[in-house]
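Me: Hi! I have a structure open and would like to talk it through with you.

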Amino acid sequence: TKRVFDPDRVSMILGATVQPLLDVVMSQLYPARRWPFNSFAMRTITHMLIVSKTRSANLIPTLMSSLSQTIQRRLLPDPTKTADHCYSPWFIHYLFESLVIVVRTKLELVKGDSAKTLEAVGEIETVLFPVFQSILQIQSEDLMPYAFQIMAVLLEAEPGQISPTYLALFKPILAPTNWQMPGNVHGLVRLLQAYLKKGTNQLLALQSDIVDQIVQVAVDLMQTRRTEQSGIRLFTGITEALSLELISPHLRKMLSFSLRRLIFSGDETYSLRRYGPVMDLLSVIIGKHGLGTLQANLHDLTVLGRIQRAFWSQFLPKIKSPTRRKAGLLATVRMLCEDMQLWNDMPVVERMVASLIETMYASRAEEADKENYLTMIEEIGDGGVKGTRLVHSRNGLHDPFPDIQDIQSVVIEHFQRLSQQRPGVLPNLLQRCLKEGTYKT
């Protein structure tokens, strides 16, 4: 059921409500194993924080301190006591979800001011890093996934280069034991992407073969079906962040591993969930370096034609993320301009042009009205939480083409070039697609 609350009223009662609820959470009257009230109390706090958002700015220091103390007192084992630390996934998830909401709210308040952002990140790290260090030291499989995701949020937000604190953590993060826990993979991949985006030169100075190591991490992720898509996303992050000179020695291997399921599976039905990450990777390669670079590193050139026929046009309008949609639009229009053989198959060309138009109209008409309540958190029937991904840690996708502010102008420019290459063909094709399609203007 959709719940509607007045954010101003919720923010007024938030300060008076959170601490009593946290006192209940930490009370021995409600043991974690035998009574689920702790989980419901944390869920209530999370929901109130979602609704109040930045209206609770004056409570941020208190909230962050209280939530971090709750982690220390209730989730981290005390060697001097034999306490029950067996909490439900619900409780742990909502506790860290509450924490990341507070972190993101604090960062949102100083967005656009580098000096204040740097100060805010420092204040957050002062409170949270001792907790994260304890979690990493005890190698808690239940808590480490959340720590890595919040660390990624902080590294992405921090202006300038990678700080000495994060540089010191880089080598331990690559330790195989961290990657062997499946729950850690999502947060670690995002954290590595943030490292690459912010300070490739710093990492190369730290260790000259760092690109080889990160590529090998992605290859290892590709060995199991459960982490295969995370491996492809890491390949995409490498392609976004690094120059062609750095990725060229690895590009053939990256494409070989990313496309092997498509080549050998024989699938006739394609799902966005499975092949969406492959499309993201190809979009970034084509958008940044051109179709020729992709073709030069494919073992089998027929794979590209199979992708174009099978699912490219179908998936493009379904891409939700604006940055991924921009990459997809740019890659599609570059394929139309640079792949001369593609024009031998006019039905495929027509579908690609139609998907371009549909995607551009959809992006213009898209509303930012999203559900921000607890329905955002994926739940399963028994009250547990599916996975360990923090909904409110998402920001989160890097823009591989930050210099392109208006993708529609770029598409139109390429269409003009196509019209000169193929006089009379493209205008008729565009008119037919516009006439047959129904688009929101």
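This is a predicted model: local features need pLDDT of at least 70, side-chain atom pairs count only at pLDDT 80 or more; totals for chains, interfaces and linings use all residues.

Me: Great. How many helices and strands does the protein have?
Reply: There are 19 helices and zero strands.

Me: And what share of the residues counts as buried?
Reply: Of the 441 residues, 50% count as buried. The protein exposes about 21400 Å², and carbon and sulfur atoms supply 52% of that.

Me: What about contacts between residues at least 6 apart in sequence: how many join residues at least 24 apart?
Reply: Among those contacts, 76% do.

Me: Switching to packing: at what angle do α16 and α18 cross?
Reply: Helix α16 (residues 322-338) and helix α18 (residues 407-421) cross at roughly 5°, and their axes come within 10 Å. Angles under 35 degrees count as roughly parallel, and α16 and α18 are therefore roughly parallel to each other.

Me: Which residues meet there?
Reply: From α16 you have K326, L329, L330, V333, R334, L336 and C337; they meet I407, V410, V411, H414, F415, L418 and Q421 of α18. By type, the residues of this contact divide into ten nonpolar, two polar and two charged.

Me: New topic: F235. Buried or exposed?
Reply: F235 counts as buried, because its relative accessibility is 0% and the cut-off for buried is under 20%. F235 lies in helix α11 (residues 228-241).

Me: What does F235 touch, leaving aside neighbours within four places in sequence?
Reply: F235 is in contact with V215, A218, V219, M222, M254, F257, S258 and L281.

Me: Now the rings. How many aromatic pairs does the structure hold?
Reply: It holds eight aromatic pairs. One of them is F96 with Y146, a stacked pair with 4.9 Å centre to centre and 10° between the planes. This pair links distant parts of the chain, with F96 in helix α4 (residues 89-109) and Y146 in helix α6 (residues 144-157), 50 residues apart. Both F96 and Y146 are buried.

Me: And why is the pair of F129 and Y166 edge-to-face?
Reply: The planes of F129 and Y166 are at 75°, with the ring centres 5.7 Å apart, so the pair is edge-to-face; the cut-off for that is over 60 degrees. F129 sits in helix α5 (residues 114-138) and Y166 in helix α7 (residues 164-173), so the pair ties together parts that are 37 residues apart in sequence.

Me: Which aromatic cluster are they in?
Reply: F129 and Y166 form one aromatic cluster with F132, F170 and Y195. F129 is buried at a relative accessible area of 9%, and Y166 is buried at 0%.

Terms used. Residues are numbered from 1 along each chain as its sequence is written. Side-chain values use heavy atoms; hydrogens and water are left out. Axes are lines fitted to C-alpha atoms, for helices over the stretch in contact, and angles run from 0 to 180 degrees between N-to-C directions. Helices (H or I, at least four residues) and strands (E, at least two) are DSSP runs, numbered from the N terminus. Angles under 35 degrees count as roughly parallel, over 145 as roughly antiparallel, 65 to 115 as roughly perpendicular and the rest as oblique. Contact means heavy atoms within 4.5 Å. Ala, Val, Leu, Ile, Met, Phe, Trp, Tyr, Cys and Pro count as nonpolar, Asp, Glu, Lys and Arg as charged, and the others, Gly among them, as polar. Buried means under 20% relative accessible area, exposed over 50%, partly exposed in between (1.4 Å probe, protein chains only). Accessible areas come from the Shrake-Rupley method with a 1.4 Å probe; for residues, only the protein chains shown count as cover. Rings of Phe, Tyr and Trp (its six-membered ring) pair if their centres lie within 6.5 Å; planes under 30 degrees apart count as stacked, over 60 as edge-to-face and the rest as tilted.
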